[in-house]
Amino acid sequence: MYNHHKSGRKPSSNFRGGGFGNRFPRAARPQQSANRGRGQYINPSSFVKHAEPILEIKQVEPTHQFNDFAIHDRVKQNIAQKGYIKPTAIQDQSIEHVLAGKDVLGLANTGTGKTASFLIPLIDKVFKDKTERVLIIAPTRELALQIRDELRSFSPSLGIYSALCIGGTSMGNQIYEVKRNPQFIIGTPGRLKDLIQQRVLRLDTFRTVVLDEVDRMLDMGFVKDIQYLISLLPEKRQTLLYSATINQDIERIIQTILKDPIKVAVKTQETAANVDQDVVHFSSPDDKLAILHEMLQQPEFAKVIIFGRTKFGVEKLSRKLFKSGHRTVAIHGNKTQSQRQSALRAFRENSANVLIATDVAARGLDIPDVTHVINFDQPATYDDYVHRIGRTGRANSAGKALTFVEKHGSGTSQNRS
């Protein structure tokens, strides 16, 4: 178990908690994991795993360099200007199939470079034929924004334009951008549906569609929206689908919308080998918050993402930690898009070193140098856990993941077989 008293100090007695993520009275609280009321029971032992030495991680050598692909020289120049020479495994295995117009099913862990694996060949496709239109559907605003930013970084001076269609921002501005007929439309399902129903956006001219993080979209309840959007696309099209996991619901979608897909799987293990994982035991809500406060005072917790279960709990936790002297920002579904972007910018630029978030930040965000991920509230599923801790230990750097687990009776966490 993680030793949170390494400094010899006791938890601050004047830092009072108040039951974040814990609405049950003590006596009435169910004896199960912290994801009470929803999700699956996760044995606390699943949150403990020692990191493997980084030098022992074997890298898969690509069979191509970017110059080997049949893409336009102007696109290659932009790739080179970003300092890209060798593709990652998923880029190496999928770019040529996307260039060939094949449907692709991409299975990859977080942080493997899959965004560039579809953007690079699709930028080439659009650059060679400016009448081509591409629809990219993402589960969260942050991921959609990140895809748009990466698109821009790969396509300067190519005459390629995009519109970002996400909630929390001006509908009027998005209507204006969509009416300019950009080659790329990048959006979340709900806002795309709104624009279609307002007769601003038509999908019958899009011959390429990308569905990114499909498992996350299903978790968020977007299955009907996805089916609706796909039904409006031309039957003859190229479809690229990316997911970190596969279940029966995703299998049904694959069978419905993909035609003879090329399967590219780059999943070496469930969790990053270089992320050291451990649990932190607590005995009460006040104890839990005092332990967190003490942890954040230690120098090693230099850049931290803390995950909570509810929007209310995340906001409340952020305010309490801020009042106690920590440089915190928060993102969750009740924040406007400008507030969420401002918070992420502050965290990236280190004006804040603690980001507190719901699972809206568990996928897609590529923020370097995150030293720790702390699960203040346990995730609903083990897949959610994998994605949360994937925010640290990126690019083969070391990372740590800590999960709070409540003591039961004897002083140790309950163990179920």
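Student: What is the mean pLDDT of the protein chain, and over which residues is the pLDDT below 50?

Tutor: As a general idea, where pLDDT is low, the predicted coordinates should not be read in detail. Here the mean over the protein chain is 83, with 82% of its residues reaching 70 or more. Over residues 6-37, however, the pLDDT is below 50, although in the model this stretch has 71 contacts beyond near neighbours in sequence. The pLDDT is also below 50 over residues 410-417, a stretch with 18 such contacts.

Student: Which residues have the most contacts inside the largest nonpolar core?

Tutor: In soluble globular proteins, nonpolar side chains tend to be buried together. In this model the largest nonpolar core has 39 residues, and those with the most contacts inside it are Phe118, Ile123, Ile136 and Phe184. Helix α3 (residues 114-128) supplies the largest share of this core, eight residues. Leaving aside residues up to four places away in sequence, Ile123 touches Val75, Leu151, Phe154, Ser155, Leu158, Ile160 and Phe184. Another core, of 32 residues, lies apart from the largest one and has Ala163, Leu201, Phe222 and Ile226 among its members.

Student: What is the order of the strands in the open sheet, and which strands stand at its edges?

Tutor: Reading across the sheet, the seven strands follow the order β3-β4-β2-β5-β6-β1-β7, with parallel pairing. Strands β3 (162-165) and β7 (262-266) are at the edges, where each has a single partner strand, so one side of each is left without a neighbour in the sheet. From one strand to the next the twist averages 10°.

Student: How many bridges join β5 to β6, and which strands does α3 touch?

Tutor: Strands β5 (residues 208-211) and β6 (residues 238-243) run parallel and are joined by four bridges, with Leu211 standing opposite Leu241 in β6. Helix α3 packs on the sheet, touching β2 (134-137), β4 (184-187), β5 and β6, and the direction of α3 makes about 165° with that of β6.

Definitions and conventions
Residues numbered from 1 in each chain as written. Predicted model: local features only at pLDDT ≥ 70, side-chain atom pairs only at ≥ 80, totals over all residues. Heavy atoms only, no water. pLDDT = per-residue confidence, 0-100. Contact = heavy atoms within 4.5 Å. Core = buried A, V, L, I, M, F, W, Y, C linked by side-chain atoms within 4.5 Å. Buried < 20%, exposed > 50% of the residue type's maximum accessible area, 1.4 Å probe, protein only. Helix = DSSP H or I, 4+ residues; strand = E, 2+ residues; numbered from the N terminus. Pairing = 2+ DSSP bridges. Axes fitted to C-alpha atoms, helices over the stretch in contact; angles between N-to-C directions.
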